[in-house]
Each structure stands twice: as C-alpha cells, then as structure tokens.
Amino acid sequence: MTSRKIRVTLAFLLALSCFPALVSGGERLAVSAPTANIRNGPGTNFDVIWQVEQYYPVTILEKKDNWYKVQDFEGDIGWLHQSLLDKTATVIVKNENTNVRSAPGTDSPVIFRVNKGVPFKCLQTQGDWIYIRHVDGDEGWIHRSLVW
C-alpha cells in the first residue's frame with residue numbers, strides 16, 4: 001500500500017473514532033446551542049422533557065420536517081429542532097467520577113474528574129485516547145471506553 005493510501009486510511013479511521021454511531025448505522029449529531037430543549041414531539045407545542053448542553057451527542061432516529069427524533073447515550077428518546085444540531089465530533093461520559101488526564105495513558109496525571117452525562121468536543125485522538133474540550137474550556141485526555 002502506498003504512503004498516500006495509508007494516510008487516507010488512517011484519516012478515515014480517525015474520523016470514525018469520534019463518530020462511533022456512523023459505524024452502527026444512525027447519523028450522529030451534536031447540540032450546537034448553549035442549551036437545547038428536548039421535546040416529546042416534533043414541534044414547540046410539545047412538552048420539554050429534558051434540557052441538554054452544548055456538545056451533547058445524539059443519534060438521529062427519524063426526520064420530520066425540521067425536527068429530528070433523537071436517542072441519547074442512555075437510550076432516552078425525544079425531539080430536537082435541526083437548527084440546534086450540527087456535525088461537531090463529540091462524546092459524552094458514561095461513568096461517574098471519570099478521570100481526565102494531562103496526556104494519553106493511565107500513567108499520566110489526572111487533571112480533573114467528571115461525572116456521567118458530561119459532553120465534550122473531540123479535538124484529536126491518539127490510539128484509544130481522545131483529547132476533549134468542555135464548553136467551559138477544560139481540556140484533557142480520556143480513554144475511549146469511558147465515553148459514548
């Protein structure tokens with residue numbers, strides 16, 4: 001294989017690493033607004049069932065006009081307006097008290113801890129590690145097994 005083909009293949013695999021839902025078939029998008037209301041139907045006349053913050057990842061289940069039926073990392077389902085979503089690569093923490101480190105590797109110092117349900121933007125990957133940024137600016141490395 002030529003070095004160009006290897007680079008293209010590696011770039012493709014890197015892109016997939018931050019978009020695991022693309023592999024399983026559902027389109028994965030992220031909340032782009034500072035906060036978003038998830039509703040129980042496709043319209044502002046439907047009740048808000050919960051709110052999420054920027055970078056919250058969702059899998060698209062259905063499209064109806066300008067509304068998307070979405071599913072989150074816990075399997076909860078609701079509706080979001082398309083204007084609140086974009087294709088930013090994001091992840092969300094799956095466990096309580098999860099370590100975020102200064103460099104990729106379990107031997108690197110823990111710089112902060114986060115709880116289940118905190119979303120982050122993906123900045124880069126290195127092996128099984130993802131360099132992430134929270135909306136408040138905190139950055140660090142987290143192991144892929146700890147996020148969705």
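## Arg133 and Glu139

A salt bridge here means a side-chain nitrogen of Lys or Arg within 4 Å of a carboxyl oxygen of Asp or Glu. Arg133 and Glu139 make one, with 2.6 Å between the closest N and O atoms, so the pair falls within the 4 Å cut-off. Keep in mind that this is a predicted model.

How open are the two partners? Arg133 is partly exposed, at a relative accessible area of 28%, and Glu139 is partly exposed too, at 26%.

## A network around Glu27

By the rule above, the count comes to four salt bridges. Some of them share partners, and that joins Glu27, Lys63 and Lys87 into one network.

Take Glu27 and Lys63 to begin with: their side chains meet at 3.6 Å, N to O. This pair ties together distant parts of the chain, 36 residues apart. Glu27 sits in the loop between helix H2 (20-24) and strand S1 (28-31), while Lys63 belongs to strand S4 (residues 57-64). Glu27 is partly exposed, with a relative accessible area of 25%, whereas Lys63 is exposed, at 52%.

Then there's Lys87, whose side chain meets that of Glu27 at 4.0 Å, N to O. Here the partners are 60 residues apart, with Lys87 in the loop between strand S7 (85-86) and S8. Lys87 counts as exposed because its relative accessible area of 60% is over the 50% cut-off.

Which strands does S11 (residues 119-126) pair with? One of them is S8 (residues 90-92), which runs antiparallel to S11 and is joined to it by three bridges. In that pairing, Val91 stands opposite Phe120 of S11.

Strand S12 (residues 129-133) is another partner of S11, again antiparallel, this time over five bridges. Gln124 has Tyr131 in S12 as its bridge partner. S11 and S12 make up a hairpin with two residues between them, and Gly127 in the turn takes a positive phi of about 60°. As a reminder for reading the strands, side chains in a regular strand alternate between the two faces of the sheet.

## The whole chain

Zooming out, the protein has two helices and 13 strands. It runs to 148 residues, 39% of which count as buried.

How much surface does the protein expose? About 8100 Å², with carbon and sulfur atoms supplying 49% of that area. As for contacts between residues at least 6 apart in sequence, 50% join residues at least 24 apart.

Terms used: Residues are numbered from 1 along each chain as its sequence is written. This is a predicted model: local features need pLDDT of at least 70, side-chain atom pairs count only at pLDDT 80 or more; totals for chains, interfaces and linings use all residues. Side-chain values use heavy atoms; hydrogens and water are left out. Helices (H or I, at least four residues) and strands (E, at least two) are DSSP runs, numbered from the N terminus. Buried means under 20% relative accessible area, exposed over 50%, partly exposed in between (1.4 Å probe, protein chains only). Contact means heavy atoms within 4.5 Å. Accessible areas come from the Shrake-Rupley method with a 1.4 Å probe; for residues, only the protein chains shown count as cover. Two strands pair if DSSP finds at least two bridges between them.
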